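Please have the model open as you read.

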Amino acid sequence: MVKVGPLLVFSDGQRIYFIFSEMKKSFFKYSEEQLQQAINDISNNVCSIRQAERLYGVPHSTLITKLKGRSSLTRQMGPPTILSKEEEDLLVRWLLANAKKGFPINKTSLCETVCEIIKNDDRVHKFRDGVPGKKWFSSFLKRHPEITQRHAESINGARACVTEASIRAWHASVRTYLIEENAEDILSDPTRILNSDESGFATNPKTGLVLGPRGMKNFYEVKSGSEKECITSLFTISADGEIYPPMIVYPYERIPAEIVRNTNPEWVIGMLSHCSILKRFLPTSYFLFQVVQKRAG
């Protein structure tokens with residue numbers, strides 16, 4: 001078998017076969033940094049155009065074109081973008097800032113924002129109905145690799161405001177309270193230190209991709225309130241590693257028999273009426289019940 005460029009030639013002894021293989025074309029053999037450095041060296045009389053060509057691997061014609069200002073130093077393939085580089089950079093900063101604050105922007109909102117910019121400037125475009133489509137969005141992400149799409153985890157405003165300083169202040173206040181009550185020995189007994197947390201499981205969850213910084217470990221989206229019906233679960237674990245039976249709270253005034261039959265008998269079932277006071281204190285009451293039961297045992 002002989003390979004000549006994209007052509008493969010081989011014979012089985014009776015016939016000669018020609019097969020064209022796809023070759024990946026390399027458009028550039030130099031980086032934008034090398035191009036910029038070459039232009040700087042020539043402009044500062046550090047070296048000649050020929051020397052810069054050999055040193056940085058940038059073609060002679062490209063250096064001439066860039067030096068005479070016939071094209072931008074920034075590399076760009078294909079037709080010009082609808083938004084300028086400055087406008088897209090501003091969009092990127094807006095996306096990153098909102099993601100870090102807990103209010104990430106999704107694809108629809110981004111495209112609608114671009115639509116408003118185009119409409120306000122009465123710009124010529126080829127978007128259908130004036131809204132950028134999948135092709136523009138995909139190209140935007142390629143032009144800005146620091147932006148990525150992820151699923152965001154919804155949290156409420158109270159959890160979004162939690163900081164390390166506020167957590168340390170809370171622990172300090174608890175210790176002060178226990179000292180005042182002459183009960184500081186609790187902190188040295190892991191069986192008497194319990195942590196309880198509520199988790200809501202949406203019966204009809206609605207998820208979607210949002211935009212944010214690439215490499216960001218977790219994406220959070222702050223919600224103003226519950227958008228869908230959910231089932232609340234209360235989980236408790238002590239500092240010595242013991243896990244307590246969970247409490248499952250259903251949004252019913254009467255628990256269906258089917259739920260009772262299919263629930264682990266060691267678990268606790270709770271039900272909530274429309275009474276806001278009951279909704280607020282039911283998980284707390286169960287937590288206190290667990291503490292009392294633990295001490296009695």
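In this predicted model, the count of aromatic pairs comes to one. The partners are Trp136 and Phe140, and because their planes meet at 20°, under the 30 degrees that marks the limit for stacking, the pair is stacked. The centres of the two rings are 5.1 Å apart. Both residues belong to helix α6 (residues 134-143), where they are four residues apart, about one turn of the helix.

Now look at what surrounds the pair. Nonpolar side chains tend to be buried together in soluble globular proteins. Here, the largest nonpolar core has 17 residues, and Trp136 and Phe140 are among those with the most contacts inside it, along with Leu95, Leu110, Val114, Ile147 and Leu211. Helices α4 (85-101), α5 (107-121) and α6 each supply at least two residues of this core. Another core, of ten residues, lies apart from it and includes Tyr30, Leu35, Ala38 and Val58.

Leaving aside residues up to four places away in sequence, Phe201 touches Cys230, Ile231, Ser233 and Phe235. Of these, Ser233 is 32 residues from Phe201 along the chain, and their C-alpha atoms are separated by 7.8 Å.

Key:
Residues numbered from 1 in each chain as written. Predicted model: local features only at pLDDT ≥ 70, side-chain atom pairs only at ≥ 80, totals over all residues. Heavy atoms only, no water. Contact = heavy atoms within 4.5 Å. Phe/Tyr/Trp six-rings, centres within 6.5 Å; stacked < 30°, edge-to-face > 60°. Core = buried A, V, L, I, M, F, W, Y, C linked by side-chain atoms within 4.5 Å. Buried < 20%, exposed > 50% of the residue type's maximum accessible area, 1.4 Å probe, protein only.
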